[in-house]
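Q: I have a structure open and would like to go through a few spots in it. Can we take them one at a time?

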Amino acid sequence: MPEIEIPEITASYYLILAALLFTIGAVGLLLRRNTLVMFMCIELMLNAANLTFVTFAKELDDIGGQVIVFFTLVVAAAEVAVGLAIIVAIFRRRPDVTADDINLLKG
Amino acid sequence: MSTTDLLELSWIIPALPAAGAVILLLFGKRIGEPKSGWLATIVMTLAFLASAATLGALYSLDEDKRQVVGDGFTWMEAGGLKVDFRFLVDPLSVTMILFITGVGALIHLYAIGYMHGDPRFSRFFAYMNLFAASMLVLVLGSNYLVTFMGWEGVGLCSYLLISFWFERNSAAVAGKKAFITNRVGDVGFMIAMFLIFSKFGSLDYFGDRGVLHEAGLLPNVTATAIALLLFVGAIGKSAQLPLHFWLPDAMEGPTPVSALIHAATMVTAGVFLMVRSAAFLEVSADAGMIVAWVGAATALFAATVAVRQNDIKRVLAYSTISQLGYMFLGVGIGAYEAAIFLMIAHAFFKALLFLGSGSVIHGMHGEQNMRLMGGLKKWMPVTAGTFIVGWLAIAGVFPFAGFWSKDEILAKAWFNDSYALWAVGTFTALLTAFYMTRQVWLVFYGPERRRDAGIHEPHESPPTMTAPLFALAFLSIVGGIMNLPFGKQNLEVLTEWLAPVTEAARRAPELGGLEAGHAIHPTSFVAGLILSLIALTVAIVGILVGRAVYKKGLTDEGNDPTEVRIGGFAKVLANAYYIDAALAWVVGRPATIFARFLSDGVDRRGIDGAVNGVGVLFQHAGGGLRRLQTGLVRNYALGIVIGTVALLAYVLVRTT
């Protein structure tokens, strides 16, 4: 059985993963038009941030980072509640939820 | 109560019409027509009775004590300036208040009939009473400032009454013209007051700090300046050249206003002011000559213009300017008594003529053009009869008031060795007789021309209008007995009555070591008689020529016979030598251009432009920024991302 050299998983891996997730979320937010998908992208970005917090919490041996993650989760939950409500409301009035069709606040 | 105490109550005289004005302004609508007119007439009559009582009281005093300053209060006190609000009763002011209230009461009575049916009937009488009150303050004031207050008050009332029918644009414009022209003169009056105060530290006429006593102490130049500046004020108020042009336009006012303000009283305020300030004129002979020549020039100028006017009231307006010129001629040569004499006589016959013309206008249903009149004697016998009395009086026919008063001024000019002034005055008398004859013939005699214009039958005016005509006609006939030129028989009543005032003025130069002035006396009785005969001849020649020319009214082609004879010059006269037009061009046009520049260039483009420019700037900026707000969520998200990246880049660049 060939020995697979497993490199030591350092903080950098987590951070790069978090950065990748964040970028995917951000690009998805900018490129997709379905509000529901955009919403999911935001969640992705939030969790990327969470991952970064946790990484640093472990690396720096500081519990503060993990505490902030809990806060973030709470805020994210609240945000989901409000955001989904908005999306449902839009669904009721329009046939779809394409973000580009909704420009009532155009100046 | 002694006589002096009684005279100190002189404030009651102007207070009566002032109270009438206040009552009518507050409750005029409720009092209504014709009661408000009667109320105004009654307060004027009461003021006249009070004036008559004042005359009696003053007459009972010794001649050298006939100068009583009444009760009052300190009006203003600032530094060296202390001005009392007090009234001065002396022969001059009593003479003035007598004819102001007397003629004023008659004209108020007349106006009850004339203003019948006017929607602002009571307002009219409120203004008339206010005018009378101001005029009485003017003549009774014991210092220059109180006089000036009355002076401005009559100016205001004149404005209000000229523009009384302000729905007519011409009336509104004429009111403004009169008011503004008077302001020009008032500046002269004010500067004169400043000068008097800076020299004497007081504005009182007489008393402890009286300036008229001390006028002789002034250097000749200062006295000349004061006298001429006061004269500038008088020019404005009395419509002399070159500020005469407002008076003909002032005829836009109701006819009683023309009679009271623009013939009998207000316009004579300038003459009164000069007589009151005679001490300055006595000190400065130059000023006197200028006053006399301006007066003579105005008299001649206005008389020539009157020849070619077609509006019945404008003829009388120019005639008034001309007669005022005579008065200033008299004042200028030092014949103050003669000037006051003509002022009173003129108040009688010119008020009569104006009220007569008002009666004609009333009877002709508002028509004022003499070319459309003629033959009215048949329809309006009373008006015609009284108007003819006024005509003979102003023309200077023996024994009417105008004969004595005008002759006196001309004779004084001759005996003062001012032969040129006498010649101008005599020629003006010829023109006066001519243009008044023209008016009488065009209006009352000759063929009736009204039918061509489709005017209904004229009618005679009601008794409230004809009664004052009778009274004034009577005064115009007998007015001459005030001052018959027979000094030896003590018949110069007015001259002797005014002597305390005029002699004090003539003695003024003595204080400065100069020779006192002296009243002008005829060199001989025969010379005076010859001058009277010349004046009478001139008047009769003028009348005969006028009658010969206008016997048939207008020419067959409907032209004015004079116009046909003098050709192109007639147009110059009809336009009053184009002075109005020239002034409009020289003063009015640059002022209009400048005003347009200010309103258009400075205000609209400069100030408004700056304010609006700021608004437009923000509007455009907002319009540009508005486009950022697309309403698309993804655009905002992109903004946030770009912002975040930029922030990150900044942090990175800074840390490395």
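This is a predicted model: local features need pLDDT of at least 70, side-chain atom pairs count only at pLDDT 80 or more; totals for chains, interfaces and linings use all residues.

Q: Okay, where does V27(A) sit?
A: V27(A) lies in helix α1 of chain A, the helix that covers residues 11–31.

Q: And is V27(A) buried or exposed?
A: V27(A) is exposed, because 12 other C-beta atoms lie within 10 Å, and a residue with 12 or fewer counts as exposed.

Q: How far apart are V27(A) and M38(A) in space?
A: From C-alpha to C-alpha they are 9.7 Å apart, while in sequence V27(A) and M38(A) are separated by 11 residues.

Q: Switching to the chains, how many residues does each one put into the contact?
A: Chain A gives 10 residues to the contact and chain B gives 11. On the side of chain B that touches chain A, the largest share is the 5 residues from helix α25(B), residues 633–655.

Q: What classes of residue are on that side of chain B?
A: The side of chain B that touches chain A has 5 nonpolar residues, together with 3 polar and 3 charged ones.

Q: Now the helix pair: at what angle do α13(B) and α14(B) pack?
A: Helix α13(B), residues 285–306, and helix α14(B), residues 312–332, pack at about 160°, and their axes are 7 Å apart. Angles over 145 degrees count as roughly antiparallel, and therefore α13(B) and α14(B) are roughly antiparallel to each other.

Q: Is their crossing left-handed or right-handed, and what classes of residue make up the contact?
A: The crossing of α13(B) and α14(B) is left-handed, and their contact has 18 nonpolar and 7 polar residues, with no charged residues.

Terms used: Residues are numbered from 1 along each chain as its sequence is written. Chains are lettered from A and ligands numbered from 1 in the order in which they are written. Helices (H or I, at least four residues) and strands (E, at least two) are DSSP runs, numbered from the N terminus. A residue is buried if 20 or more other C-beta atoms lie within 10 Å of its own, exposed if 12 or fewer, and partly exposed in between; C-beta atoms are placed from the backbone. Two residues are in contact if their C-beta atoms, placed from the backbone, lie within 7 Å. Ala, Val, Leu, Ile, Met, Phe, Trp, Tyr, Cys and Pro count as nonpolar, Asp, Glu, Lys and Arg as charged, and the others, Gly among them, as polar. Axes are lines fitted to C-alpha atoms, for helices over the stretch in contact, and angles run from 0 to 180 degrees between N-to-C directions. Angles under 35 degrees count as roughly parallel, over 145 as roughly antiparallel, 65 to 115 as roughly perpendicular and the rest as oblique. A crossing is left-handed if the near helix is turned anticlockwise from the far one by less than a right angle, and right-handed if clockwise.
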